[in-house]
Amino acid sequence: MTILVTGATGTVGRHVTELLVQRGAAVRALTRNAQRAKSVLPEGVEIAVGDLMRPDTLREALQGVEGMFLIVSSDEPLADLNTDPQVVALAAEAGVKRVVVLVGFEEGPVEKAVRKSGMEWTLLKPVEFMANVLADWGPSIREEGVVRELNGDAPSARVHEGDIAAVAVEALLRDGHHGNSYVLTGPEVLTRKEAVQAISSAIGKNIRFIELPEDEARQLWRDQGYDEESIEFFVQMAFQPPKAGHTVLPTVERVLGRPARTLAEWAVEHKHILL
């Protein structure tokens, strides 16, 4: 079975691609940048150039594909990507039988189209990625041994991006997942302060937490290039995070047959980047 992986060079997509290759699947990686894809993806992965915001560019990439990992927006900071729901119709028309969708903060037109498509579908709804640590805190941890954040008491059941990918691969390769919407969490709830302490202990580096006033946090995000809508979302997540984002669920363990990985385990895996 040939599987098309969209967002194949992204945080989750790269893990999906690698795991599929390890499982012996034929993988076609959809990308807007073929050169980058060739430099980061495993040997043997077929590279297809296309743009999820321009469905007609996917017709060739979809030929002969039976399964698809579909992202609805980029999981990379400041990236410009919002998938056109017409991609779903083109996939069904091309003969794709099974699709796993990485859902954003809430369902939208793509997910609605998938439910009506006639394809076997599984929706993955992860909470905050552990990988966000690299973008949000990585530079200041490396350079200063400091994390500056709004509301250090904000809780999160962060999930390992590799666990998200592993669930996606199970849903793509094994029967029994059709029609499921899987909310994916890590195995523990940590506040931002507790998360910093867990990372500090795991990598053996003293990391201080500095709590920012809201006005300073907003300005920091502006300086990083985020628009006002995104900044409002960040503030909401700091002071009014949805209960689903800090409620541990056993979904990862149920699907994979092993516990979800902890933030400390994630930190050890990424120690070389954080030091």
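**Two helices**

H10 and H11 are oblique to each other (angles under 35 degrees count as roughly parallel, over 145 as roughly antiparallel, 65 to 115 as roughly perpendicular and the rest as oblique). This is a predicted model, in which local features need pLDDT of at least 70 and side-chain atom pairs count only at pLDDT 80 or more, while totals for chains, interfaces and linings use all residues. Residues are numbered from 1 along each chain as its sequence is written, and side-chain values use heavy atoms, with hydrogens and water left out.

Select residues 214–223 for helix H10 and residues 228–239 for helix H11; their axes come within 10 Å and cross at roughly 140 degrees. Axes here are lines fitted to C-alpha atoms, for helices over the stretch in contact, and angles run from 0 to 180 degrees between N-to-C directions. Helices (H or I, at least four residues) and strands (E, at least two) are DSSP runs, numbered from the N terminus.

Which residues meet between H10 and H11? Show Glu214, Arg218, Trp221 and Arg222 in H10, which meet Glu228, Ile231, Glu232, Phe234, Val235 and Phe239 in H11. Contact means heavy atoms within 4.5 Å.

**Serine 156**

Next select serine 156, in strand E8 (residues 155–156). Serine 156 counts as buried because its relative accessibility is 9% (buried means under 20% relative accessible area, exposed over 50%, partly exposed in between, with a 1.4 Å probe and protein chains only). The side chain of serine 156 makes a polar contact of 2.8 Å with the side chain of glutamate 128. The serine 156 side chain also reaches the backbone nitrogen of arginine 158, at 3.3 Å. A polar contact is a pair of N or O atoms within 3.5 Å; within protein, one must be able to donate a hydrogen and the other to accept it, and residues adjacent in sequence count only if both atoms are side-chain atoms. Leaving aside neighbours within four places in sequence, the contacts of serine 156 include Glu188, Val189 and His246.

**Salt bridges**

How many salt bridges does a search of the whole structure find? The search finds 21, a salt bridge being a side-chain nitrogen of Lys or Arg within 4 Å of a carboxyl oxygen of Asp or Glu.

Select arginine 59, which is partly exposed at 40% relative accessibility. The side chain of arginine 59 meets that of aspartate 56 in a salt bridge (3.4 Å, N to O), and aspartate 56 is exposed at 57%. Arginine 59 also meets glutamate 93 in a salt bridge (3.7 Å, N to O). Glutamate 93 lies in helix H4 (residues 86–94) and arginine 59 in helix H3 (residues 59–62), so this pair ties together parts 34 residues apart in sequence.

Move to arginine 98 and glutamate 120, whose side chains meet in a salt bridge (3.0 Å, N to O). Arginine 98 is in strand E5 (residues 98–102) and glutamate 120 in strand E6 (residues 120–126), so the pair ties together parts 22 residues apart in sequence.

**Leucine 70**

Finish at leucine 70, in strand E4 (residues 67–71). Is leucine 70 buried or exposed? Leucine 70 counts as buried, at 0% relative accessibility. Leaving aside neighbours within four places in sequence, leucine 70 is in contact with residues including Thr6, Leu52, Val87 and Val110.
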